[in-house]
Amino acid sequence: HNSIVYFQNTMTATAQEDIFGPFLAMQLLTIVVWFYMYSKRLPFLIGYVYKKHKGEMTMDDVGDPTGRHYITNITPDAVRNPSDNLKNLFEVPVLFYAMVFYLYTTEKVDTTYVGAAWTFVMFRCIHSVVHSTFNNVILRWHVYVLSCLALFFMVVRASIAHFF
């Protein structure tokens with residue numbers, strides 16, 4: 001009897017920790033997008049400062065010089081999109097991180113949650129690649145919706161188990 005209980009506890013502990021695979025993958029995705037964003041942004045900003053210093057560009061060339069985001073008017077999509085994607089990684093994924101901690105602390109992690117979590121991460125990775133590169137808005141939207149559905153499934157399933 002004791003060996004069966006030990007085996008069950010070992011399996012439960014392992015299954016609980018499995019939720020941190022997708023959790024860490026999301027964090028790594030955020031770091032990768034951060035580096036990619038700066039690989040695009042820094043050359044643009046250095047070029048902008050250089051042109052401005054040489055007198056080839058004035059504040060009048062970029063719109064309202066008192067506007068908070070005036071440089072956005074001259075920032076190409078290839079520079080702006082990775083930045084926008086990094087901001088996106090601090091929106092819906094926050095719910096994912098909270099869900100991971102909820103599932104782990106309540107010991108509710110199972111293969112269904114882990115599968116849904118990996119599905120969420122997979123679609124977020126695809127979303128980041130699309131958004132940061134060729135930015136096909138229709139494809140990006142579909143991938144975004146699929147990632148949200150995976151997360152919403154996790155939240156609704158946990159909510160039903162909690163409230164009912």
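Colleague: How many disulfides are there in the whole structure?
Modeller: This is a predicted model, and a search of the whole structure turns up 0 disulfides.

Colleague: Remind me, what does a disulfide join?
Modeller: A disulfide is a covalent bond linking the sulfur atoms of two cysteines.

Colleague: Okay, and is cysteine 148 buried or exposed?
Modeller: Cysteine 148 counts as buried, because its relative accessibility is 5% and the cut-off for buried is under 20%.

Colleague: What about cysteine 125, how accessible is that?
Modeller: Cysteine 125 has a relative accessible area of 30%, so it is classed as partly exposed.

Colleague: Switching to helices. At what angle do the axes of α4 and α5 cross?
Modeller: Roughly 160°, with the axes of α4 (residues 92-105) and α5 coming within 12 Å. The two helices are therefore roughly antiparallel to each other, since angles over 145 degrees count that way.

Colleague: Is that crossing left-handed or right-handed?
Modeller: The crossing of α4 and α5 is left-handed.

Colleague: Which residues make the contact?
Modeller: On the α4 side they are Val92, Pro93, Phe96 and Leu103. From α5 come Tyr113, Ala117, Phe120, Val121 and Arg124. By class, the contact of α4 with α5 has 8 nonpolar residues, no polar ones and 1 charged.

Colleague: Nice. And how do α3 and α5 cross?
Modeller: The axes of α3 (residues 77-88) and α5 (residues 111-132) come within 8 Å and cross at roughly 155°. That angle makes α3 roughly antiparallel to α5.

Colleague: Which residues meet there?
Modeller: Asn81, Pro82, Asp84, Asn85 and Asn88 of α3 meet Arg124, His127, Ser128, His131 and Ser132 of α5. The residues of this contact of α3 with α5 divide into 1 nonpolar, 7 polar and 2 charged.

Colleague: One more thing: where is alanine 116?
Modeller: Alanine 116 sits in helix α5. Its relative accessible area is 9%, so alanine 116 is buried.

Colleague: What does alanine 116 touch, leaving out residues up to four places away in sequence?
Modeller: With those left out, alanine 116 touches Ala150, Phe153 and Met154.

Colleague: And what separates the C-alpha atoms of alanine 116 and leucine 149?
Modeller: The separation is 9.2 Å, for two residues that are 33 residues apart along the chain.

Colleague: Great, thanks for the tour!

Conventions
Residues numbered from 1 in each chain as written. Predicted model: local features only at pLDDT ≥ 70, side-chain atom pairs only at ≥ 80, totals over all residues. Heavy atoms only, no water. Axes fitted to C-alpha atoms, helices over the stretch in contact; angles between N-to-C directions. Helix = DSSP H or I, 4+ residues; strand = E, 2+ residues; numbered from the N terminus. Parallel < 35°, antiparallel > 145°, perpendicular 65-115°, else oblique. Contact = heavy atoms within 4.5 Å. Nonpolar A, V, L, I, M, F, W, Y, C, P; charged D, E, K, R; others polar. Left-handed = near helix turned anticlockwise from the far one by under 90°. Disulfide = S-S within 2.5 Å. Buried < 20%, exposed > 50% of the residue type's maximum accessible area, 1.4 Å probe, protein only.
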